[in-house]
Amino acid sequence: CPLAFRKESLQTFLDEEEGPPSSVSWEHYYATVQACFCLSSPSPEEHASLLRIASAMALQQGLAAAPKNAKPPSCKAPVAYGSAPLQVVYKPLPIELSMTVVRYAANLAFLAVGY
């Protein structure tokens, strides 16, 4: 992943949050990766992978790595890209067909006008 979450940026976010002050640690990187993959309760294999990822990200930023037997942290993820819930709604076929006809008619009208 080409993204690198700098500890300074995460600390700025944590400083602006309400509640007791905290400093960035491997736990925040773990929570961020966990939220990005939408894992509410990771399996033991997923937990081991998340620990390795969080440790690598923390070490890259000069922070302490996660202990080998660490439990999943309870802190909130400072950043969580790609974790928006998705709701799919299907349109009935007659509506889909009528929208397709209107779309093609609009394209033909634009072509006739010269766009």
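**Terms and values**

Mentor: The chain has four helices and zero strands. From the N terminus on, its elements run α-α-α-α. Keep in mind that this is a predicted model.

Trainee: How many residues does the chain have, and what share of them count as buried?
Mentor: The chain has 115 residues, and 25% of them count as buried. Buried means under 20% relative accessible area.

Trainee: Why is Y115 called exposed?
Mentor: The cut-off for exposed is over 50%. Y115 has a relative accessible area of 74%, so Y115 is exposed. Y115 is found in the segment after α4, which covers 93-113. Together with F110 and V113, Y115 makes a nonpolar surface patch of about 420 Å².

Trainee: What makes A65 partly exposed?
Mentor: Partly exposed lies between the two cut-offs, under 20% for buried and over 50% for exposed. A65 is at 33%, so A65 counts as partly exposed. A65 is found in the loop between α3 (44-60) and α4.

Trainee: How many salt bridges does the structure hold, and which side chains meet in a salt bridge?
Mentor: The structure holds one salt bridge. The side chains of R6 and E8 meet in it.

Trainee: Why is the contact of R6 and E8 called a salt bridge?
Mentor: Side chains of opposite charge can pair when their charged atoms come close. The definition asks for a side-chain nitrogen of Lys or Arg within 4 Å of a carboxyl oxygen of Asp or Glu. For R6 and E8 the N to O value is 4.0 Å, so the pair counts as a salt bridge.

Trainee: Are R6 and E8 buried, partly exposed or exposed?
Mentor: R6 has a relative accessible area of 48%, so R6 is partly exposed. E8 is at 40% and therefore counts as partly exposed.

Trainee: What is to be noted about C38?
Mentor: C38 has a positive phi of about 55° although it is not a glycine. C38 lies in the loop between α2 (26-36) and α3. At 52% relative accessibility, C38 is over the 50% cut-off and so counts as exposed.

Trainee: How much space lies in the second largest pocket, and which residues are closest to its centre?
Mentor: About 200 Å³ of space lies in the second largest pocket. Of the 14 residues that line this pocket, the closest to its centre are L14, E17, E18, P20 and S22. Helix α1 (residues 7-16) gives the most to the lining, with three residues.

Trainee: What is the lining of the second largest pocket made of, by class?
Mentor: The lining has seven nonpolar, three polar and four charged residues.

Note on methods. Residues are numbered from 1 along each chain as its sequence is written. This is a predicted model: local features need pLDDT of at least 70, side-chain atom pairs count only at pLDDT 80 or more; totals for chains, interfaces and linings use all residues. Side-chain values use heavy atoms; hydrogens and water are left out. On a 1 Å grid over the protein atoms alone, a cavity is a set of points where a 1.4 Å probe fits but cannot get out, and a pocket is an open set with protein on both sides within 12 Å along at least five of seven lines; lining residues have an atom within 4 Å of a point. Grid points are joined across faces, edges and corners, and a volume is the space filled by probe spheres set on the points. Helices (H or I, at least four residues) and strands (E, at least two) are DSSP runs, numbered from the N terminus. Ala, Val, Leu, Ile, Met, Phe, Trp, Tyr, Cys and Pro count as nonpolar, Asp, Glu, Lys and Arg as charged, and the others, Gly among them, as polar. Patches are made of residues with over 30% relative accessible area and no salt bridge: like charges are joined within 9 Å, nonpolar side chains (Val, Leu, Ile, Met, Phe, Trp, Tyr) within 5 Å. Accessible areas come from the Shrake-Rupley method with a 1.4 Å probe; for residues, only the protein chains shown count as cover. Buried means under 20% relative accessible area, exposed over 50%, partly exposed in between (1.4 Å probe, protein chains only).
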